[in-house]
Protein chains: 2
Amino acid sequence: MKTIPVLLLGCGGVGQQLLHHVVNCRSLHSKQGLVLRVIGVADSRSLLVVDDATTMEMDDAFLMAICRAKSSGSPLSSLLDIGQCQLFKDFNATIKVIAVAGLLGRSTGLAVVDCSASSETIDTLKQVSGLGCCVVLANKKPLTCGIEDFDKLTLHYRGIRFESTVGAGLPVIASVTRLLMSGDPILHIIGSLSGTLGYVMSELEDGKPFSQVVQAAKYLGYTEPDPRDDLSGMDVARKALILARLLGWRIDMDDIKVESLYPEELGHGSMSTEDFLGSGLSQLDKNIEERVKAASLKGNVLRYVCVIEDHRCQVGLQELPKNSPLGRLRGSDNVVEIYSRCYKSSPLVIQGAGAGNDTTAAGVLADIIDLQDLFNCRNSS
Amino acid sequence: MKTIPVLLLGCGGVGQQLLHHVVNCRSLHSKQGLVLRVIGVADSRSLLVVDDATTMEMDDAFLMAICRAKSSGSPLSSLLDIGQCQLFKDFNATIKVIAVAGLLGRSTGLAVVDCSASSETIDTLKQVSGLGCCVVLANKKPLTCGIEDFDKLTLHYRGIRFESTVGAGLPVIASVTRLLMSGDPILHIIGSLSGTLGYVMSELEDGKPFSQVVQAAKYLGYTEPDPRDDLSGMDVARKALILARLLGWRIDMDDIKVESLYPEELGHGSMSTEDFLGSGLSQLDKNIEERVKAASLKGNVLRYVCVIEDHRCQVGLQELPKNSPLGRLRGSDNVVEIYSRCYKSSPLVIQGAGAGNDTTAAGVLADIIDLQDLFNCRNSS
């Protein structure tokens, strides 16, 4: 049996789902000769970690108790009395993560898994990476900060995986990496990488007003609590930046041209979420309707896409042929078209659900398992 | 720098292209801290191997000379005088491969790469695998023989890769493996896995006779020299068997229901290639035309697909909605739809060129590179 020690940062929806997957996959992984040993779990305020990180682990009952506590809004500290764990808060939590990474990193390996949505994990991740730990990210922020941070995190490129940052569990990063490794130069990537905006744009084809479609998307749970966080395009831009940097482009967020679907006067600084949904959103209907109609007259549809090509990385609305993989897209599926020497006349296309805690956490787990050859910790059993 | 020693079995089109890729990727791989060291190349009759497999390698000029010789029909023995190599023939070639595997396998790792189309490599592959070597396959035969051989080859599942056996360089195996690793059970796979039959079936939609479409496909170089080797469906069945076994199904070729597109009386035993193309093929036109028309009346198209579902693995013609990923397929692209817990209502779809030496060899190279964490041989440089 080979053991993969895991320390989880962030136990919101994706983190909790990951712990569920780890527990549910015990017998599957055991058949593959693998054991995942969760030694610590952190949220934004504190870290719960086993007393002895070299030998102990959080058992399945305890992992499920963490999920129950976090999903009901209780702090990690409420769990202190049921396990052989220690609690560290704030700065001490960070110190302890580094200490554990120093203890396990080079000797047996440790996967530090970031399922948070915070940019505050970056320093910790850089340090644990320098201490020989592997890093797995669902969190896009550490890869979309300054290029120096990106370089440092990806210096040991075999020890970092981040499939779930783009298209959730869809094998987009893995496919791009395979092409790059085989010396097949990627010429052009175009993709619809937001399930929310994919849904919105495809619903507009039926002639529904933009405001109504966005309200419906919010009702269906497809949007962030404030839909402007989707409509700004910033989340898609982060994914585009990750892909562009994966291609070796040394660019920052500022280098990406991002089209927001609402103007500044309807922004967070000018009105509340309620006001935006109540009165702001409908002000956008006319303009979007005209653009949809103009596209339709040419046999095209509007899609919110990222385009990475010729040192140009941009994110926004684009007219595309109705009868193309992107034009045919309906619902909340993501789709990515990759053009390279091998996939020149017709692209390599990857399509499927690109959001959801289950799918995202499954992608994270696949990344962890895929790192196994870098771990040298074996059980005696 | 980390060194990956490589021994290549089979230097037809894919093998030659692999050697080209290795040479062309030198500086790319060097930036990733990698060196591929080709220590031997074998064809069906002989093995050329460096004098000292622990330290020497075939240099790029020599690798290109091998490609030139093989593509012009010269034997490997014609190259003996230009490199510091030894030549081994027939049984002695096999003995030497095993000896080299024993020398390098456990100590530093050796990637034995099978780009042949032969079933005669199986015993060698099983032996080198047992000696600690990694195995990379473009050759489907070793994975489609008896289940005991498959079990033995995949026993050390991290040390064998075979992406290019299904869909050439398309990341089909990698995607299925990722889903399986993350405990996302695969419910159903349906795919068009033959570029030849994909082309033929999509051309039939325009009302062209089957015989004319097959002749055109042969003219375009899409078919095997005898198109019956495509029309029999056996190549698709081999790919289906590999996918089914990857899902853990313990089945053999005999368990797959394969629909041949020609009857036994037009088979290899009854008529020559010339007779089949001259008079046999057109006998099939009427039946196929009727099936295409019947499908069309229901808004469907005919596709030659593999279906893996509910312990049923079959390969043959199926009516599919015109407006589905498989129904929309044109030209020689492959497409695979994977349904799992995470991709239930809408599948994970992978589409793109699924044939060609360039693409196939690129997939093989990506597999070799992806094995790097299992190698422990470092250059002093």
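Which residue of S13(B) is the bridge partner of Val349(A)? I began the notebook with this pairing, working throughout on a predicted model, and found that the partner of Val349(A) in S13(B) is Gln351(B).

**Strand pairing.** I then looked at the two strands as a whole, and noted that S13(A) and S13(B), the latter covering residues 348–353 of chain B, are joined by 3 bridges and run antiparallel.

**Symmetry.** I turned to the relation between the copies and saw that chain A is superposed on chain B by a rotation of 180°, with 0.0 Å of shift along the axis and an RMSD of 0.0 Å. That is the relation of a two-fold axis.

**Interface.** I looked up the contacts between the chains, taking C-beta atoms within 7 Å as the criterion, and recorded 37 residues of chain A in contact with 37 residues of chain B. On the side of chain A that touches chain B, the elements giving two or more residues are helix H1 (13–24), helix H8 (172–181), strand S13 (348–353) and helix H16 (357–370). H16(A) gives the most to this side, with 8 residues.

Definitions and conventions: Residues numbered from 1 in each chain as written. Chains lettered and ligands numbered in written order. Predicted model: local features only at pLDDT ≥ 70, side-chain atom pairs only at ≥ 80, totals over all residues. Least-squares fit on C-alpha atoms with pLDDT ≥ 70 in both. Contact = placed C-beta atoms within 7 Å. Helix = DSSP H or I, 4+ residues; strand = E, 2+ residues; numbered from the N terminus. Pairing = 2+ DSSP bridges.
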